[in-house]
Amino acid sequence: MTKIVGLYPGTFDPITKGHTDIIRRAAKLVDHLVIGVAINEQKRPLFSLDERVDMIKDAVAEFDEGARAAVTVEPFDDLLMSFAEKKGVTMIIRGLRAVSDFEYEFQMVGMNSFLNDEIETVFLMADPQYQAIASKLVKEIARLGGKIDDFLPPSVVPKLIAKYS
Ligand code: ADP
C-alpha cells in the first residue's frame, strides 16, 4: 500500500500552539508528516531559517512518542508543489483559522491544482482555545512586553522574549 505523506508548509515565525495543535492532528492522518519551513525572505521573518527549524524540532520533541516518530522538519525554498513532488507528498495540510484565511487558501488550492491535480490540500482547524493565535500578533505582544506563555510552546517563549530584550 502506498504511504500517505503529508506536508504542512508555513513560515513558522515562530511556531505557536496553534501550529502544534495542527501538527498533532495531522500526524494522526498520515504515515509521515513533513513540516516544510518556507524560507520566505520577502516576509522578512524575525527568526532566521535555522532558528525557526530548531524551534519546531524542540516543540515536536515535547510530543508523545508516536507523533514524534511520524514528523520531520525540513526547510524549502522552491515552489511548494515542486517541493511536495520531490518529497513524494500525497496530501498538503493547512490550518484554517477565521474567514480571513479562507480567501487566500481558496486561491492557493485553485492555483496549485493547475500545477499538480493529484495532490489534495486538506484543511484542519485547531482546538478553539488555539484558533485565534497568530505568530504576527504574538510577536506584537512580545514586543510590547506582554505575557506570551499561553500562545507558544514552552521552549519558544524565552527565544521570543530574547529577540526584544
Ligand atoms: P504562512 O506564511 O504559510 O501563512 P504560517 O506559519 O503563518 O505560514 O502558517 C502556517 C499554516 O498554519 C497556515 O495554514 C495557517 O493558516 C496555519 N495556522 C497558523 N496559526 C494557526 C492557528 N492558530 N490555528 C489553525 N491554523 C493555524
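This is a predicted model: local features need pLDDT of at least 70, side-chain atom pairs count only at pLDDT 80 or more; totals for chains, interfaces and linings use all residues.
Local features are taken only at pLDDT of at least 70 and side-chain atom pairs only at pLDDT 80 or more, whereas totals for chains, interfaces and linings use all residues. Residues are numbered from 1 along each chain as its sequence is written, and side-chain values use heavy atoms, with hydrogens and water left out.

The ligand is surrounded by 19 residues, the closest being Tyr-8, Thr-11, Lys-43, Gly-95 and Tyr-130, where a residue counts as near if one of its heavy atoms lies within 4 Å. By class, this shell holds 8 nonpolar, 6 polar and 5 charged residues; Ala, Val, Leu, Ile, Met, Phe, Trp, Tyr, Cys and Pro count as nonpolar, Asp, Glu, Lys and Arg as charged, and the others, Gly among them, as polar. Strand 1 (5-10), helix 1 (17-29), strand 4 (91-95) and helix 5 (99-115) each supply at least two residues of the shell, helices (H or I, at least four residues) and strands (E, at least two) being DSSP runs numbered from the N terminus.

An oxygen atom of the ligand is 2.6 Å from an N or O atom in the side chain of Thr-11, while a ligand nitrogen lies 3.4 Å from an N or O atom in the side chain of Arg-97 and a ligand nitrogen is 2.8 Å from a polar backbone atom of Ile-133. The protein covers 90% of the 550 Å² of accessible area that the ligand has on its own (Shrake-Rupley method, 1.4 Å probe).

The ligand sits in the largest pocket, in the sense that more than half of its atoms lie within 2 Å of the grid points. A pocket is an open set of points on a 1 Å grid over the protein atoms alone, where a 1.4 Å probe fits and protein lies on both sides within 12 Å along at least five of seven lines; lining residues have an atom within 4 Å of a point. Of the 45 lining residues, Pro-9, Gly-10, Thr-11, Lys-43 and Arg-94 lie nearest the centre of the pocket, and helix 5 gives the most to the lining, with 7 residues.

Two backbone features remain. The peptide bond from Asp-13 to Pro-14 is cis, with omega near -5°, and Pro-14 is placed in the loop between strand 1 and helix 1.

Conventions: A polar contact is a pair of N or O atoms within 3.5 Å; within protein, one must be able to donate a hydrogen and the other to accept it, and residues adjacent in sequence count only if both atoms are side-chain atoms.
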